[in-house]
Amino acid sequence: MHNKVVYQAAKALHEQGAPVLRFNFRGAGLSEGKHDKGQGEQGDVRAAIDYLAQEFPGRPMVLGGFSFGSSVGLRVGCADARVVQVIGLGLPVDTTDLSYLQACGKPKLIVQGANDQYGTRASIEKFFAALPEPKKLVIVEDADHFFFGHLDQVGAAIQSWIGDVPPGRAGL
């Protein structure tokens with residue numbers, strides 16, 4: 001929740017007028033429970049979506065995630081009709097099965113560091129090519145998995161992409 005990449009994404013969405021909710025998965029930070037290898041964490045994402053839907057009824061949502069959060073969050077977001085767009089930051093394509101995204105017809109923004117150790121440039125480009133439209137890939141040159149020294153480019157990519165879609169969203 002307090003990761004610099006997550007903070008930058010939340011800030012970019014907030015600056016576009018979207019209410020934003022950041023949360024820790026079970027067992028992370030000060031949250032209760034224990035890590036469940038992506039299974040129980042899907043329930044955490046569903047609970048967050050339910051909360052935003054209750055707080056902002058009828059508002060379409062953008063769901064974004066970073067690293068492990070992208071692999072879990074986008075799976076839930078692609079399946080939930082209340083989520084109209086998804087953002088994946090630092091997708092761990094070299095270590096995680098993300099094939100479910102090949103069936104996700106929602107608008108997708110993928111932002112990846114060119115030197116990401118969990119999703120190499122070659123891997124992300126091959127993976128991205130197989131995804132259905134609409135989609136956009138932004139490769140941040142000279143950036144690692146945590147976009148060290150390039151967080152401003154992450155925010156700019158999100159703001160540019162969000163600016164191209166209808167207003168009135170809530171961000172998660």
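This is a short tour of a structure, stop by stop, with what to select at each one.

The model is predicted: local features need pLDDT of at least 70, side-chain atom pairs count only at pLDDT 80 or more, and totals for chains, interfaces and linings use all residues. Residues are numbered from 1 along each chain as its sequence is written, and side-chain values use heavy atoms, with hydrogens and water left out.

**Stop 1: α1 and α5**

Select residues 4–15, helix α1, and residues 151–163, helix α5. Helices (H or I, at least four residues) and strands (E, at least two) are DSSP runs, numbered from the N terminus. The two helices pack at an angle of about 35°, with axes 9 Å apart. Axes here are lines fitted to C-alpha atoms, for helices over the stretch in contact, and angles run from 0 to 180 degrees between N-to-C directions. The crossing of α1 and α5 is right-handed; that is, the near helix is turned clockwise from the far one by less than a right angle.

Now show side chains. On α1, the contact includes Val 5, Gln 8, Ala 9 and Ala 12. On α5, Leu 151, Gly 155, Ile 158 and Ile 162 are among the partners. Contact means heavy atoms within 4.5 Å. The residues of this contact comprise seven nonpolar, three polar and three charged. In this count, Ala, Val, Leu, Ile, Met, Phe, Trp, Tyr, Cys and Pro are nonpolar, Asp, Glu, Lys and Arg are charged, and the others, Gly among them, are polar.

**Stop 2: Leu 89**

Move to Leu 89, in strand β2. Leu 89 counts as buried because its relative accessibility is 3%. Buried means under 20% relative accessible area, exposed over 50%, partly exposed in between (1.4 Å probe, protein chains only). Leaving aside neighbours within four places in sequence, the contacts of Leu 89 include Val 5, Phe 66, Ser 67, Val 111 and Ile 158.

**Stop 3**

Select Ser 67, in the loop between β1 (61–66) and α3. Ser 67 has a positive phi of about 55° although it is not a glycine. Ser 67 is buried, with a relative accessible area of 17%. Then go to Phe 147, in the loop between β4 and α5. Phe 147 is not a glycine either, and has a positive phi of about 55°. Its relative accessibility is 0%, so Phe 147 counts as buried.

**Stop 3**

Cys 78 lies in helix α3 (residues 68–79) and Cys 104 in the loop between β2 (83–89) and β3, so the link ties together parts 26 residues apart in sequence. The angle about the S-S bond is -90°, and the link is left-handed. Both Cys 78 and Cys 104 are buried.

**Stop 5**

Select residues 121–129, helix α4; its buried residues are Ile 124, Phe 127 and Phe 128. They cover an arc of only 100° around the axis, so they sit on the same side of α4. The arc is that of the directions from the helix axis to the C-beta atoms. These buried residues pack against β3 (108–113) and β4 (135–140).

End at Pro 134, in the loop between α4 and β4. A cis peptide bond joins Glu 133 to Pro 134, with omega about -5°.

Key: Disulfide = S-S within 2.5 Å.
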